[in-house]
Amino acid sequence: MAWTWTTRIIQILLATAYVMFGVLKLSAHDLQTQIFTSTYGYSVTFMYIVGAVELVAGIGLIIGLRHLRVALLSAGVIAMIMASAMLTHIRSHEGMRTSVLPLIFLAMAIFIVVRSSRGRERERH
């Protein structure tokens, strides 16, 4: 595997964050529940679905340290979640200030997708 340490560190940071985000949502943390229902207008059920997807994607990034295909898929899912999160922040009139963190996580996920796809190309040759 021709991954740099930078790629691994970013992947581990992203995995840690998403495991924590998923656990927060699945545990129905008061702040998460309030934000999902009051601020964004989503249901608690949707919060649980997003939490489960985040948790699985975070675990997938950990597994992806050894299996590039899993890293590629997990980072792709996280990129879609973060693009949706940015749209949610904008739609709820919170402004770009609250969209900065999702933008950073989106950039990290895209970085992992690009690095994973390049790594898969190298493995084939």
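A residue is called buried when its relative accessible area is under 20%, exposed when it is over 50%, and partly exposed in between, with a 1.4 Å probe and protein chains only. By this rule K25 is buried, with a relative accessible area of 8%.

The structure is a predicted model, in which local features need pLDDT of at least 70 and side-chain atom pairs count only at pLDDT 80 or more, while totals for chains, interfaces and linings use all residues. Residues are numbered from 1 along each chain as its sequence is written, and side-chain values use heavy atoms, with hydrogens and water left out.

A salt bridge here is a side-chain nitrogen of Lys or Arg within 4 Å of a carboxyl oxygen of Asp or Glu. K25 is in helix α1 and E54 in helix α3, 29 residues apart, so the pair links distant parts of the chain. Helices are DSSP runs (H or I, at least four residues), as are strands (E, at least two), and they are numbered from the N terminus. Like K25, which is buried at 8%, E54 counts as buried, at 3% relative accessibility. A search of the whole structure finds 1 salt bridge.

Helices α1, α2, α3, α4 and α5 are the elements that give two or more residues to the lining of the largest pocket. Of these, α4 gives the most, with 6 residues. By type, the lining divides into 16 nonpolar, 5 polar and 2 charged residues. In this count Ala, Val, Leu, Ile, Met, Phe, Trp, Tyr, Cys and Pro are nonpolar, Asp, Glu, Lys and Arg are charged, and the others, Gly among them, are polar.

The next feature is the largest nonpolar core. A nonpolar core is a set of buried Ala, Val, Leu, Ile, Met, Phe, Trp, Tyr and Cys residues joined through side-chain atoms within 4.5 Å. The largest one has 19 residues, of which L14, Y18, L61, I78, M82 and F105 touch the most other members. At least two residues of this core come from each of α1, α3 (44-63), α4 and α5. Helix α4 gives the most to the core, with 7 residues.

L61 shows what such contacts look like. Leaving aside residues up to four places away in sequence, L61 touches Q11, L14, A15, A71, S74, A75, I78 and I112, where contact means heavy atoms within 4.5 Å.

Is S99 buried or exposed? S99 is buried, with a relative accessible area of 0%, and its place is in the loop between α4 and α5. Residues up to four places away not counted, S99 touches M86, H89 and I90. The C-alpha atoms of Q11 and S99 are separated by 21 Å, and the two residues are 88 residues apart along the chain.

H93 lies in the loop between α4 (68-91) and α5 (100-124). In contrast to S99, which is buried, H93 is exposed, with a relative accessible area of 74%. H93 has a positive phi of about 60° although it is not a glycine. A28, in the loop between α1 (5-26) and α2 (30-39), also has a positive phi, near 55°, and is a residue other than glycine. A28 is partly exposed, with a relative accessible area of 25%.
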